[in-house]
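Please walk through the model shown here with me, taking the record's annotations, the sheets and the contacts between the chains in turn.

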Amino acid sequence: MDINIDDILAELDRDTTAVDSTGHTQQGNQSSLSTSDIPANNTTIIDVSPQQDFKQLMVHWRNERCSPELLSYPAPLVERMLSRIQSQMETIENISMGFLESMSQGPSDDNGDKLTSHHNDSKLPLLCMEAELERVKFILRSYIRCRLQKVDKFSLYLRQFDPIQLDDLLSAKEKLYQSRHSEILLKLLNGSVLKFMPEELQAIDDTEGSVNMIEEPDWNKFVFIMVCGPPDKLFSEDPLLSKNEYGKYCYNVTIAELKEDVELTLDSIYVMRYQVVRELIMSGKVQLI
Amino acid sequence: MSLPKHLQETFSPEEIQFIVENEPIKIFPRITTRQRVNMVNKNASQHWKLITTDDWALNNMVATQSTTVVLWIALLLKQQSKCSIVAPEWLTVRALDRHIQYEKKNTDRFSELPWNWLVLARILFNRAPEDFHDPVHELRSRIQDLREIRQTKVLKGLKYLNESHLQLDNLSLLEINELRPFIVDIMDKLREIHSAAVVAGNEDGNNEEDDFDFS
């Protein structure tokens, strides 16, 4: 007789991980600081580990690079990353100051042979920390530059949004950039060309004429997607997920223009129209690659 | 613009490598960083304090006991000859031969190589050639074989570019990245032609063959 005890074992497993995660929260006091405005129950703090944040940032970066539209700005995440970069820079500074001190006073209280080997070892963490800092900064820089490029491109389109939508979409600095940059551009165009035009042709954002002057994102652009499933991996609780005839989980989406249904199976790669999977991307169930 | 033209639609190969370098890999450290319990830690700089990955493994390295770290740290340690990198299971002559067999047998799909196989193989061949159990030149030639087999399959699959969608299971990130500008542009044009025809009312009800699986 086979008795399936998997759920009992899972119950036991969960207990041990609970102990583990509390240990983590005590270590990561920095992460709990940044979320102090949220009611501090255990689950939220575990979610905000530096590792998770970095993974999230990578996902945001890759999505932004591949998507045709400007995605909304993950303000809390970027803020946490920036504060971590700041504090890490200070730590590195402090450690390298410590180096100088121990170098100058070192030989007096230790024998030389042991000291050199000791120092070779302890430079390694510093090297790694500096390299890591450069890597994080690269990602952030590339991410923000990519967003600025889109802000440039969709400048007129973004002007149509009301301020509340913009708050969600852009960071404060990006908003400043957008308004000032379009101001400068308008000044140039007005001064050099538009002022010689007849009155009715002077508008820069004319949508009535033969060609629409406001460039919108290409909503149906083809993108490469990877179907990841719900971020919390609770497959049975996702209402959009269903099982196909092979017993695999999949999302059903419809391409409206072709009246065609497509099954997006989990862990598969597709080339798909952006509009069709936009909702899934927003909820993190599908990633752009 | 703030982002160079060649980066606007796709990633550069260096960026693909950057993404791959964030994956964990197994190493044999040649240094010990674990502090003994009775020894008080005098020098704080001996501690690894990282902000993107778990630094627990790095603070608890014991020489010749395998551990898992992020690839870029492994490469950094390797450069200083402070560790040797353990090649993943699929990077052996036997496993690669199996993949080649699979690729040859199933002409309609790609074998289940990890999404970073091409990049990882290249990195490890260049940076850690002495850490493999199998001779590197044999591994190299098998990787090359796999690459060529898959490329011919991709070329075959390009016949099925359409205005609806494609499924490309098990295509690796680098392979996707080199195909991206081509596939996306062609399919965008096909879509434009198609939707223009629909708008013009020329739709004569012909149903496109759906679900091209060129995996």
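In chain B, UniProt places the feature "domain: DNA replication complex GINS protein PSF2 N-terminal" at residues 58–86, from an unreviewed entry; UniProt positions are given here in the numbering used for this model, with feature names shortened, and such annotations may be inferred rather than shown by experiment. Over residues 58–86 of chain B the chain is 38% helix and 24% strand, with the end C-alpha atoms 16 Å apart, where helices (H or I, at least four residues) and strands (E, at least two) are DSSP runs numbered from the N terminus. This is a predicted model, in which local features need pLDDT of at least 70 and side-chain atom pairs count only at pLDDT 80 or more, while totals for chains, interfaces and linings use all residues. Residues are numbered from 1 along each chain as its sequence is written, chains are lettered from A and ligands numbered from 1 in the order in which they are written, and side-chain values use heavy atoms, with hydrogens and water left out.

Chain B has an open sheet of 3 strands in the order β2-β1-β3, with antiparallel pairing; two strands count as paired if DSSP finds at least two bridges between them. Its edge strands, each pairing on one side only, are β2 (67–70) and β3 (83–85) of chain B. Strand β1 (residues 24–29) of chain B pairs with β3(B) over 3 bridges, and Pro29(B) has Cys83(B) as its bridge partner in β3(B). Helix α3 (residues 71–79) of chain B packs on this sheet, touching β1, β2 and β3 of chain B, and its direction makes about 130 degrees with that of β3(B). Contact here means heavy atoms within 4.5 Å, and axes are lines fitted to C-alpha atoms, for helices over the stretch in contact, with angles running from 0 to 180 degrees between N-to-C directions.

Between the two chains, 54 residues of chain B are in contact with 54 residues of chain A. Together they bury about 5300 Å², 61% of it on carbon and sulfur atoms, buried area being the accessible area (1.4 Å probe) that two parts lose on being put together, summed over both. The count between chain B and chain A is 5 salt bridges, a salt bridge being a side-chain nitrogen of Lys or Arg within 4 Å of a carboxyl oxygen of Asp or Glu. Arg135(A) and Glu21(B) meet in a salt bridge, at 2.8 Å from N to O. On the side of chain B that touches chain A, the elements giving two or more residues are α1 (13–20), α3, β4 (166–167) and α7 (173–199) of chain B, and α7(B) gives the most, with 10 residues.

Within chain A, Arg80(A) forms a salt bridge with Asp53(A), the closest N and O atoms being 2.6 Å apart. Arg80(A) lies in helix α5 (residues 75–109) of chain A and Asp53(A) in helix α4 (residues 50–66) of chain A, so this pair ties together parts that are 27 residues apart in sequence.

Chain A also has an open sheet of 3 strands, in the order β2-β3-β4 and with antiparallel pairing. Strands β3 (residues 249–255) and β4 (residues 260–265) of chain A pair over 6 bridges, and Cys250(A) stands opposite Thr265(A) in β4(A). These two strands form a hairpin with 4 residues between them, where Lys259(A) in the turn has a positive phi of about 55 degrees.
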